[in-house]
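Me: I would like to learn how to read the helix packing in a model of this kind, and I would be glad if we took one feature at a time. Could you begin with a pair of helices?

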Amino acid sequence: MLTNIILFIHIIAATTWVGGGLLLFGMGIYFKDPKVQHTIYTAIGPFYGYFQLIWITTLIITGLLLLNQHDVYAMFLTPEFQQSEFGVLLYRKLLIVFFVVCATALHMYISLKAHGRERTQKEKIISRGSSMIIFLFNFSIIWYAMNISQYFV
Ligand code: HEM
């Protein structure tokens, strides 16, 4: 029961985290006028940033709790686990999560630093690059999550 409650929160956080990213990405394509885009991103940017921070933190906490519920910590560093298909999938998922967290931190840093002013060319490239990494890597995290869950019965 407890595992299911934690998994429920984990999945709600995952849908919100990934769905929020998709929504913002879609808005970027739909609203082509730079002035409209500037108005939208200036207005919702900080809210979106803090909102997503809550969900990525929830994902990490509930993910760590799920590993505990499934007694993964006891075998996490053993060679057998590292060489098993399950171990490889879990390591890959966690590595991609790590990249997404780093890209999120970088993206937030640039956004907060440049809030209220025009971003420099370098800031624009880093900001767009990091959001593209988050956007694309999220899909592979979901893919690995689906495959990993088959090992928990
Ligand atoms: C961006 C971050 C993450 C996303 C989008 C995500 C997404 C998901 C999703 C959608 C599932 C459900 C898969 C299914 O039931 O078919 C899942 C399961 C799981 N996730 Fe994550 N996850 C993230 C981060 C993490 C982290 C950081 C950990 C561990 C530290 C973790 C550990 C787990 C575990 C152990 C399960 C399987 C639970 C079970 O089936 O009982 N996740 N994840």
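Reply: Two packed helices are described by the angle between their axes and the distance between the axes. Here the axes of α1 (residues 2–30) and α2 (residues 34–69) come within 8 Å and cross at roughly 155°. An axis is a line fitted to C-alpha atoms, for helices over the stretch in contact, and the angle runs from 0 to 180 degrees between N-to-C directions. Helices (H or I, at least four residues) and strands (E, at least two) are DSSP runs, numbered from the N terminus.

Me: What should I bear in mind about the origin of the model and its numbering?

Reply: This is a predicted model, in which local features need pLDDT of at least 70 and side-chain atom pairs count only at pLDDT 80 or more, while totals for chains, interfaces and linings use all residues. Residues are numbered from 1 along each chain as its sequence is written.

Me: How are α1 and α2 oriented to each other, and which hand does their crossing have?

Reply: Angles under 35 degrees count as roughly parallel, over 145 as roughly antiparallel, 65 to 115 as roughly perpendicular and the rest as oblique. α1 and α2 are therefore roughly antiparallel to each other, and their crossing is left-handed, a term for a near helix turned anticlockwise from the far one by less than a right angle (right-handed if clockwise). The contact of α1 with α2 has 17 nonpolar, 11 polar and no charged residues, where Ala, Val, Leu, Ile, Met, Phe, Trp, Tyr, Cys and Pro count as nonpolar, Asp, Glu, Lys and Arg as charged, and the others, Gly among them, as polar.

Me: At what angle do α4 and α5 pack?

Reply: The angle between α4 (85–114) and α5 (121–149) is about 155°, with their axes 8 Å apart. These two helices are therefore roughly antiparallel to each other, and the crossing of α4 and α5 is left-handed. Their contact divides into 19 nonpolar, nine polar and three charged residues.

Me: Which residues make the contact between α1 and α5?

Reply: α1 and α5 pack at an angle of about 145°, their axes being 10 Å apart. On α1 the contact is made by Val18, Gly21 and Phe25, and on α5 by Ile134, Phe135, Asn138 and Ile142; two residues are in contact if their C-beta atoms, placed from the backbone, lie within 7 Å.

Me: Where does the shell around the ligand come from?

Reply: α1, α2, α4 and α5 each supply at least two of its residues, and the largest share, seven residues, comes from α1. Of the 23 residues around the ligand, Ala14, Gly63, Leu66, Ala145 and Ser149 come nearest, a residue being near if its C-beta atom, placed from the backbone, lies within 6 Å. By class, this shell has 19 nonpolar, four polar and no charged residues.

Me: How many helices and strands does the protein chain have?

Reply: The protein chain has five helices and zero strands, and buried residues make up 10% of its 153 residues.

Methods
A residue is buried if 20 or more other C-beta atoms lie within 10 Å of its own, exposed if 12 or fewer, and partly exposed in between; C-beta atoms are placed from the backbone.
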